[in-house]
Amino acid sequence: MRPVEIAPNVFEVGVRDWNIRDFHGYSTPAGTTYNAFLIRGETNVLIDTVKAEFTEELLSNIRAIMDPKDIDIVVSNHTEMDHSGGLPRIMAAVGQDKPLYCSKMGAKNLARHFRENWNLKEVSSSEEISIGSGRTLMFIETRMLHWPDSMFTYLKEDGILFSSDAFGQHYAGSEIFDDQMDMSELLFHAKKYYANILLPFSALIAKLLKAVGEMGLKLNMVCPDHGILWRKDPGVILDAYDRWSRQETQNKAVVIYDTMWHSTEMMADAIVSGLVEAGVEQVRPISVRRSHRSDIMTEIMDAKVVMVGSPTLNNQIFPALMDVLTYMKGLKPQGKIAAAFGSYGWSGEAVKLLNAELAGMGFELPEEGLRIQYVPERDQLTLCHGLGMRMGLRAQGREV
Ligand SMILES: Cc1cc2nc3c(=O)[nH]c(=O)nc-3n(C[C@H](O)[C@H](O)[C@H](O)COP(=O)(O)O)c2cc1C
């Protein structure tokens with residue numbers, strides 16, 4: 001798509017990756033964008049680049065506004081390759097000796113990625129530079145949000161925050177701004193991004209939001225490096241990040257399971273009916289082999305109850321569940337209660353192993369879990385229903 005002037009002399013010059021469906025193991029059914037921004041003035045500034053294979057498109061977008069040689073400063077907010085991959089080609093076009101601004105850790109990580117002799121200018125948090133035309137750039141270090149080198153760049157007088165991966169979404173459409181999108185769809189994509197990329201850094205994010213709040217920055221626009229830009233009401237995404245970073249849960253249960261011959265699935269169905277009967281408002285049964293781990297994680301993020309079911313397979317948990325559990329463990333969801341269940345034939349280790357996995361994630365396990373040999377009969381399904389009921393009541397702080 002052609003560049004768009006998002007504020008006077010500030011252009012979005014990035015690219016759309018319409019057809020990407022797997023972003024380092026995260027499913028992206030709506031593709032993504034690599035946003036980059038060009039500020040035109042006494043000092044011309046390019047903020048971030050794009051994935052290497054899209055660099056020619058970025059250059060062509062820049063050329064629609066100016067000769068790349070006229071760019072005076074490049075800013076790298078984050079070293080990850082989807083935003084820095086285009087740097088070698090861009091620096092060659094801009095001029096190898098032009099200043100490349102980055103955080104201190106950014107300088108180290110750019111060297112580790114590219115081994116180029118660029119004119120790196122390390123900036124510290126709150127450092128400002130004047131870019132003429134009555135404009136100032138301020139840099140805000142955002143370590144581990146989500147890489148050690150991450151930072152924001154703030155265009156002070158315009159109140160525009162170039163927020164790198166924070167507040168972004170993997171979404172590529174013809175829309176540019178939040179007011180052009182259905183808000184619940186936009187927030188769904190933002191939530192999925194948070195659940196799968198930012199969740200482990202929630203404590204840091206809560207701190208950062210507080211610090212940025214105390215800086216009293218006016219925020220007319222928040223421009224992430226992926227997806228839609230927030231201009232109508234950036235407060236919507238700031239409030240959502242506030243909730244997500246506190247890992248607030250809802251009256252919601254996710255029941256994830258796998259099954260070979262449907263017995264564990266029968267148990268899951270009975271548990272679901274118990275949860276519903278207990279008054280849990282959102283109950284999400286998910287067969288892990290038919291859903292993507294990143295969608296499962298999006299559901300788990302704000303659930304109070306996590307129920308995990310696996311048949312025993314060769315004395316182990318079913319592998320598809322281990323994929324999800326390993327992924328979930330790394331993302332460090334908090335404040336959950338959990339229980340395990342599963343059918344087995346003779347040795348039945350899965351439930352015990354699941355309990356160890358769930359306890360290892362810091363989940364509260366109020367029940368020892370439920371194992372049923374082979375195909376559950378009616379009474380045993382009643383036990384499953386009861387397990388669901390008790391977990392549902394606990395989720396709401398009600399008497400069991
Ligand atoms: C290949 C295979 C390996 C199995 N290994 C074990 C095992 O090690 N221990 C055990 O208790 N059951 C084992 N079972 C039996 C299943 O756990 C049992 O059939 C269970 O009811 C399946 O539940 P499902 O219908 O939810 O898949 C195995 C079954 C299969 C097909």
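Colleague: Does Asn315 count as buried or exposed?
Modeller: The general idea is a neighbour count: a residue is buried if 20 or more other C-beta atoms lie within 10 Å of its own, exposed if 12 or fewer, and partly exposed in between, with C-beta atoms placed from the backbone. Asn315 has 12 C-beta neighbours inside 10 Å, so Asn315 counts as exposed. This is a predicted model, in which local features need pLDDT of at least 70 and side-chain atom pairs count only at pLDDT 80 or more, while totals for chains, interfaces and linings use all residues. Residue numbers start from 1 along each chain as its sequence is written.

Colleague: Where is Asn315 found, relative to the strands?
Modeller: Elements are DSSP runs numbered from the N terminus: helices are H or I with at least four residues, strands are E with at least two. Asn315 is in the loop between β20 and β21 (316–317). Its phi is positive, about 65°, although Asn315 is not a glycine.

Colleague: Which residues come nearest the ligand?
Modeller: A residue is near a molecule if its C-beta atom, placed from the backbone, lies within 6 Å of it. There are 18 residues around the ligand, and Met260, Trp261, Thr264, Pro311 and Gly345 come nearest. Elements that give two or more residues to this shell are α8 (263–277), β20 (312–313) and β22 (337–344).

Colleague: How many residues of each class does the shell have?
Modeller: By class, Ala, Val, Leu, Ile, Met, Phe, Trp, Tyr, Cys and Pro are nonpolar, Asp, Glu, Lys and Arg are charged, and the others, Gly among them, are polar. The shell around the ligand has seven nonpolar, eleven polar and no charged residues.

Colleague: How is the protein chain divided?
Modeller: Domain bounds come from an automatic or database assignment. Here they give domain 1 (4–246) and domain 2 (250–394), whose C-alpha centres lie 38 Å apart. Contact is the next idea: two residues are in contact if their C-beta atoms, placed from the backbone, lie within 7 Å. Eight residues of domain 1 are in contact with ten residues of domain 2. On the domain 1 side, β5 (26–27) and α5 (183–198) are the elements that give two or more residues, and α5 gives the most, with four. The residues of that side divide into four nonpolar, two polar and two charged.

Colleague: Where does the largest nonpolar core lie?
Modeller: A nonpolar core is a set of buried Ala, Val, Leu, Ile, Met, Phe, Trp, Tyr and Cys residues joined through C-beta atoms within 7 Å. The largest one has 115 residues, and Phe37, Ala253, Ile271, Met307 and Phe341 have the most contacts inside it. Both domain 1 and domain 2 give residues to this core, so it lies between them. Beyond four places in sequence, the residues that Ala253 touches include Leu275, Val280, Met307 and Met391.

Colleague: Why is Asp225 called buried?
Modeller: Asp225 is buried because 27 other C-beta atoms lie within 10 Å. Asp225 lies in the loop between β16 (221–224) and α7 (235–245). Apart from neighbours within four places in sequence, Asp225 is in contact with residues including Asp48, His83, Asp165 and Gly168. Asp225 and Gly168 are 57 residues apart in sequence, yet 6.4 Å apart in space, C-alpha to C-alpha.

Colleague: What are the totals for helices, strands and buried residues?
Modeller: The protein chain has twelve helices and 23 strands. Of its 400 residues, 47% count as buried. Its C-alpha atoms fill a box of roughly 80 × 40 × 35 Å along the principal axes. Among contacts between residues at least 6 apart in sequence, 71% join residues at least 24 apart.
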